[in-house]
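The sequence and the structure are shown first.

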Amino acid sequence: MRLFQRHLMKVQANGQVYYGCLRPLSGQWQVERYGAFAQEVQRLLLPRGARVRAGEKLETDDGPYLCLAVRFLPGHVQADIRRCMP
């Protein structure tokens, strides 16, 4: 999956700066996985080699997020994130 430049946002994690795309979750499985707060969870797509971990706080242009889950795929990194209070 390619990251489109027009939708990139700056993400800071572990003192590193990455550029990624923020997308809404879709599918019944995601709703079952995250339950009541599934509407608050979004998927962050980061370039291959990005180092993020579940439970880590991410800073974006929109504000702080908490990383709930991470999947390392051959072409990119997927992180499920949820907005948290500053």
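Leu44 lies in strand β3, which spans residues 41-47. The model is a predicted one. The relative accessible area of Leu44 is 0%; because the cut-off for a buried residue is under 20%, Leu44 counts as buried.

**Surroundings of Leu44**

Neighbours within four places in sequence being set aside, the residues in contact with Leu44 are Val11, Gly20, Cys21, Leu22, Leu58, Val77, Gln78, Ala79 and Ile81. One of these contacts, Ala79, is 35 residues away from Leu44 along the chain, yet the two C-alpha atoms are separated by 5.0 Å.

**Strand β6 and its partners**

Strand β6 comprises residues 76-83. Six of its eight residues are buried, and the strand is thus described as mostly covered. Strand β6 pairs with β3, the strand of Leu44, and also with β5, which covers residues 64-72. The two pairings are set out below.

| Strand pair | Sense | Bridges |
|---|---|---|
| β3 and β6 | antiparallel | seven bridges |
| β5 and β6 | antiparallel | seven bridges |

Individual residues illustrate each pairing. Pro47 has His76 in β6 as its bridge partner.

In summary, Leu44 is a buried residue of strand β3, and β3 is joined to β6 in the antiparallel sense by seven bridges.

Methods:
Residues are numbered from 1 along each chain as its sequence is written. This is a predicted model: local features need pLDDT of at least 70, side-chain atom pairs count only at pLDDT 80 or more; totals for chains, interfaces and linings use all residues. Side-chain values use heavy atoms; hydrogens and water are left out. Helices (H or I, at least four residues) and strands (E, at least two) are DSSP runs, numbered from the N terminus. Buried means under 20% relative accessible area, exposed over 50%, partly exposed in between (1.4 Å probe, protein chains only). Contact means heavy atoms within 4.5 Å. Two strands pair if DSSP finds at least two bridges between them.
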